[in-house]
Amino acid sequence: MVLEYIEGESLWHVLKREGPLEADRAVPIVLQLLDALSEPHRLGLIHRDIKPSNVMIERRGETLRVVLIDFGIAKRAQNDDMPESAPRTRTGVLVGTPKYMAPEQLMNRELGAWTDLYAVGSLLYRLLAGKVPFRGTRAEVVAAHLRDPPPTLPTKLRMSSMDAVIQRAMAKLP
């Protein structure tokens, strides 16, 4: 296996060092991340594990480059060779990071590009608010992604346009 060397750091490291990002820094990162997802989605591949540690940030002078890494658990949205009744993953095995997972992924239902978009919405919330949308034990986080409406940004950050994007991306129904 050969991988491109990326001279930079993960978005997780950026957040750990700097805390929440201003919208003018977060939006270009998310736009490049969405661009990075466009080709895999066109090919029917779902990343399934979008999170800050899987997003690399490379700076070259004033230029910022965002690279999505770790397609290790990526999956085809549909596999025509797989019967409808075939399990998509082993029973009882949760694949991915629940803090950013879409409800359909948590329930082992049909996945699509919308699954990654939900995770990007969760990531955008994390970038702006400095915390994940839902917190608690693993079980509490899973339950919240399944039943609770997406949170709005903290009052001090109130940005209706960003809230609208997060609400749409994190809609419970794909």
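Me: Which residues lie nearest the centre of the second largest pocket?
Reply: This is a predicted model. Leu3, Glu4, Leu68, Ile69 and Asp70 lie nearest the centre, among 10 lining residues. The space there is about 250 Å³.

Me: What makes a residue part of that lining?
Reply: A lining residue has an atom within 4 Å of a pocket point. For the second largest pocket, 10 residues line it. They divide into eight nonpolar, no polar and two charged.

Me: Why is α1 called roughly parallel to α4?
Reply: Helix α1 (residues 11-18) and α4 pack at an angle of about 25°. Angles under 35 degrees count as roughly parallel, so α1 is roughly parallel to α4. Their axes are 10 Å apart.

Me: How do you know that α1 and α4 meet, and which residues are involved?
Reply: Contact means heavy atoms within 4.5 Å. Leu11, Trp12 and Leu15 in α1 meet Leu123, Arg126 and Leu127 in α4. By class, that contact has five nonpolar, no polar and one charged residues. Arg counts as charged.

Me: Which element gives the most to the lining of the largest pocket?
Reply: α4 does, with six residues. The elements giving two or more are α2 (23-42), α3 (103-106), α4 (113-129) and α6 (160-169).

Me: What is the make-up of that lining, by class?
Reply: It divides into 17 nonpolar, one polar and three charged residues. Of the 21 lining residues, Leu117, Tyr118, Val165, Arg168 and Ala169 lie nearest the centre. About 330 Å³ of space lies in this largest pocket.

Terms used
Residues are numbered from 1 along each chain as its sequence is written. This is a predicted model: local features need pLDDT of at least 70, side-chain atom pairs count only at pLDDT 80 or more; totals for chains, interfaces and linings use all residues. Side-chain values use heavy atoms; hydrogens and water are left out. On a 1 Å grid over the protein atoms alone, a cavity is a set of points where a 1.4 Å probe fits but cannot get out, and a pocket is an open set with protein on both sides within 12 Å along at least five of seven lines; lining residues have an atom within 4 Å of a point. Grid points are joined across faces, edges and corners, and a volume is the space filled by probe spheres set on the points. Helices (H or I, at least four residues) and strands (E, at least two) are DSSP runs, numbered from the N terminus. Axes are lines fitted to C-alpha atoms, for helices over the stretch in contact, and angles run from 0 to 180 degrees between N-to-C directions. Angles under 35 degrees count as roughly parallel, over 145 as roughly antiparallel, 65 to 115 as roughly perpendicular and the rest as oblique.
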